[in-house]
Amino acid sequence: MVFSSLTFLQCFLPLCLLAYFLVPQKWRNGTLFLFSLLFYAWGEPVYVVLMLFSTVLDYTCGQMVERHREQRGAKIALLVSVCVNLGLLGVFKYSDFLIGTVNSIFGTAIPQPNLPLPIGISFYTFQILSYAVDVYRGDVKAQRNFIDLAAYVAMFPQLIAGPIVRYSDIASQLEHRTHSLADVAAGARRFVLGLGKKVLLANVFYELITTFKASDDRSVLFYWLYAAACVLNIYFDFSGYSDMAIGLGRIFGFRYLENFDYPYISASITEFWRRWHMSLGSWFRDYVYIPLGGNRVSKTKWLRNILVVWLLTGLWHGAAWNFVLWGLFFAVFLTAEKLWYGRALAKTRVFKHIYVLLLVIVSFVLFDANSVGEAAATIGGLFGAAGVSAVDPISRYYLRSFAVVFLIGIVGATPLPKRIVEQLGSTRAGAMVVDVLEPLVLVSVLAVSTGYLVDGSFNPFLYFRF
């Protein structure tokens, strides 16, 4: 089940909200946990057991860490948690990739298990690990109520597509949180905006992507239309789901941290990764980069730390060589900015933004490809390789057909709409206009999005692969 489905919007969510707000306060975590299990079991009935196993394991390890604090038993409990959780992630997500690599290098014929990937395993594994490590560090106390911890791990708003919510960020909210109509309204507003991003923008851009991939007649313009669609699709798909998760969390009384901050306006790749998927970036910083020594080590070790973090970042996104290269691609430019041309780049006015957008476009073409060879061919096509024509009637047709959606997507990926609304609301008359128009716009977005879903329009979910 996904948020952008009629089953979720018309059945699951209304029933969940009704049950949640009808039960006494002390039962609400349990209610949320039960509905989260139902949500996950809808698409992964078998792998619910896997998630519950990880939860029980880390509940036990957390208690052991606290009981044996500053003793050998605490370290053993942490190692058990880390090794088992990463082991499960490795078996289910990377076994085919590793075996296939070994077979191709050594000419062996080791059979691949072809295990289905449990939905959201990368997200909830990182959340569980953050709990275990923070308890070991003494940053939080071990949760003694199993239902509260299970509700945190299985919580459906951010279970399958993030953001990666750390236990330390919502520990107090699990024990006590307030609910208000203002929070419900703010959460609903955020959810509807995210739904519109996903259904009305990301899905439309994905239609162009699939059209390009199915076509044998391509021009340079068509390659660039595809690349631009990739960049906008990935942003609106992922940020849309983050918006929906943050909105749902707000409705249930939780305050999740932001996950995107208009990354495409960045003036460097360093800034881009401060704005893109912020929960993942901060997770790797706090649980991998800093424990390795961060930048407070020799230059050789610092370069090693960057390489390790970005190799893991690429692999986190997918078990394939194009994801490995995608991570290393960013490692190269992040390192180059820090060592050589970062200060000079910052002094430019327009070039720094062109630089970021060009690198991001190339990176997401690599990200979207099914293989390294396909990525190389597509990137070559962007620059006229293989003798493709510059423009043809087909590419002009798609440019005209998607021009309005591209314009909306480009403007929507910047802070401009938000600034206009804020500026308008800064005056009394403008605030009255906003108060009238905002509900109408939100209802319209919800109605049109629902209409698209009723019509059976294309509704893929990018982050099922994670």
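Helix α11 gives the second largest pocket seven lining residues, the largest share from any element. In this predicted model, that pocket holds about 590 Å³ of space. Its lining runs to 17 residues, and Trp 273, Arg 274, Gly 281, Arg 285 and Trp 310 are the ones that sit nearest the centre. Besides α11, at least two lining residues each come from α10 (269-275), α12 and α13 (321-347). Sorted by class, the lining of the second largest pocket comes out as 10 nonpolar, four polar and three charged residues.

Helix α11 itself spans residues 278-289, and nine of its 12 residues are buried, so the helix is largely enclosed by the rest of the structure. The buried set is made up of Ser 279, Leu 280, Ser 282, Trp 283, Phe 284, Asp 286, Tyr 287, Val 288 and Tyr 289. Among the elements covering these residues are α5 (121-137) and α12 (299-317).

Now for the largest pocket, which has a volume of about 1400 Å³. Its lining counts 37 residues, with Arg 189, Leu 193, Lys 197, Pro 417 and Lys 418 lying nearest the centre. Two or more lining residues come from each of α8 (181-214), α9 (220-251), α16 (393-412), α17 (416-424) and α18 (428-454). Helix α8 makes the largest contribution here, with eight residues. As for class, 22 residues of this lining are nonpolar, six are polar and nine are charged.

Conventions
Residues numbered from 1 in each chain as written. Predicted model: local features only at pLDDT ≥ 70, side-chain atom pairs only at ≥ 80, totals over all residues. Heavy atoms only, no water. Buried < 20%, exposed > 50% of the residue type's maximum accessible area, 1.4 Å probe, protein only. Helix = DSSP H or I, 4+ residues; strand = E, 2+ residues; numbered from the N terminus. Contact = heavy atoms within 4.5 Å. 1 Å grid on protein atoms, 1.4 Å probe; cavity = no way out; pocket = protein on both sides within 12 Å on 5 of 7 lines; lining within 4 Å. Points joined across faces, edges and corners; volume = space filled by probe spheres on them. Nonpolar A, V, L, I, M, F, W, Y, C, P; charged D, E, K, R; others polar.
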